[in-house]
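Let's take a walk through this protein together. Have the sequence and the 3D view open, and we'll go one stop at a time.

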Amino acid sequence: MLRDPTAETSSALRDRVPPFDTLEDRTVALMDIGKMRGDEFIDRLEQLCSERGISTRRYKKPTNTRVAPREMINDIADNCQAVIIALSDCGSCTSCSTHDLNDLDKKGLAGVSVLTTEFEQAFESQKSSIGLDAASVYVEHPLQNKTTEELHRSAESAFDDILRAISIEVPSLHTSKAA
């Protein structure tokens, strides 16, 4: 299904689902929008979540140029309480990801979209058109020419901001207690 990003308009932004007090006993969906190299960024987010004791489920859209399939949106809503959508670095994927974030917000999930800095204005325009006061975190543009190490560093530097968009309490590094 294709969506015209100008078809939905609203004069006021609806409040988004607020961040949780804590992510304890909650599952965070990591939605890879299907952009080339975005999986490497998500890989590092998944590792960082694990290190902090945050439960995650991984999802990948079939294409970044369309909204997520309804089945995926429903699966995320049935099995997760929060969502991180990453990594948008162009206009069409920014539009589709914003619609996905809106659909999940309407289902009660706290969410954040991770985009490159070049598309901050596009995201602001999209969320205004949709009417959702959505959360976002920006990483340096461009994405495609970065090494895996650079993508991982981008994920690491944005990680606490990403968590703050979905949880008031940002868990510290998870350490196991010796018996």
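Where is the place of R37? It sits in the loop between β2 and α1. Keep in mind that what you're looking at is a predicted model. R37 is a handy place to begin, with a phi near 80°, a positive value in a residue other than glycine. The residue is also buried, at a relative accessible area of 16%, and that counts as buried because the cut-off is under 20%.

You'll find D25 in the loop between β1 (14-15) and β2. Is D25 buried or exposed? D25 is exposed, with a relative accessible area of 76%.

Now step into helix α1, which covers residues 38-51 and holds E40. E40 has a relative accessible area of 15%, so it counts as buried. Setting aside neighbours within four places in sequence, E40 is in contact with T148, L151 and H152. As for geometry, the axes of α1 and α5 come within 8 Å and cross at roughly 50°, which makes the two helices oblique to each other. The crossing is right-handed.

There's another helix pair to visit. Helix α3 (residues 91-106) and helix α4 (residues 120-130) have axes that come within 10 Å and cross at roughly 45°. That angle makes α3 and α4 oblique too, and their crossing is right-handed. From α3, the contact draws on T94, S95, T98, H99, L101 and N102, while α4 brings A122, F123, Q126, K127 and I130.

What about the inside? In soluble globular proteins, nonpolar side chains tend to be buried together. Here, the largest nonpolar core has 30 residues, and I84 and I166 have the most contacts inside it. At least two residues each come from β2 (27-32), α1, β4 (82-88), β5 (110-116), β7 (136-139) and α5 (148-166). Which of the elements gives the most to this core? That's α5, with 8 residues. Zoom in on I166 and, not counting residues up to four places away in sequence, you'll see it touching P19, F20, L23, V28, A82, V83, I84, A110, G111 and V112. A second, separate core has 22 residues, A29, M31, I73 and L132 among them.

Before you go, have a look at two spots along the backbone. The peptide bond from A86 to L87 is cis, with omega near 10°, and L87 has its place in strand β4. Another cis peptide bond joins H141 and P142, where omega is about 0°. P142 lies in the loop between β7 and α5.

Notes:
Residues are numbered from 1 along each chain as its sequence is written. This is a predicted model: local features need pLDDT of at least 70, side-chain atom pairs count only at pLDDT 80 or more; totals for chains, interfaces and linings use all residues. Side-chain values use heavy atoms; hydrogens and water are left out. Helices (H or I, at least four residues) and strands (E, at least two) are DSSP runs, numbered from the N terminus. Buried means under 20% relative accessible area, exposed over 50%, partly exposed in between (1.4 Å probe, protein chains only). Contact means heavy atoms within 4.5 Å. Axes are lines fitted to C-alpha atoms, for helices over the stretch in contact, and angles run from 0 to 180 degrees between N-to-C directions. Angles under 35 degrees count as roughly parallel, over 145 as roughly antiparallel, 65 to 115 as roughly perpendicular and the rest as oblique. A crossing is left-handed if the near helix is turned anticlockwise from the far one by less than a right angle, and right-handed if clockwise. A nonpolar core is a set of buried Ala, Val, Leu, Ile, Met, Phe, Trp, Tyr and Cys residues joined through side-chain atoms within 4.5 Å.
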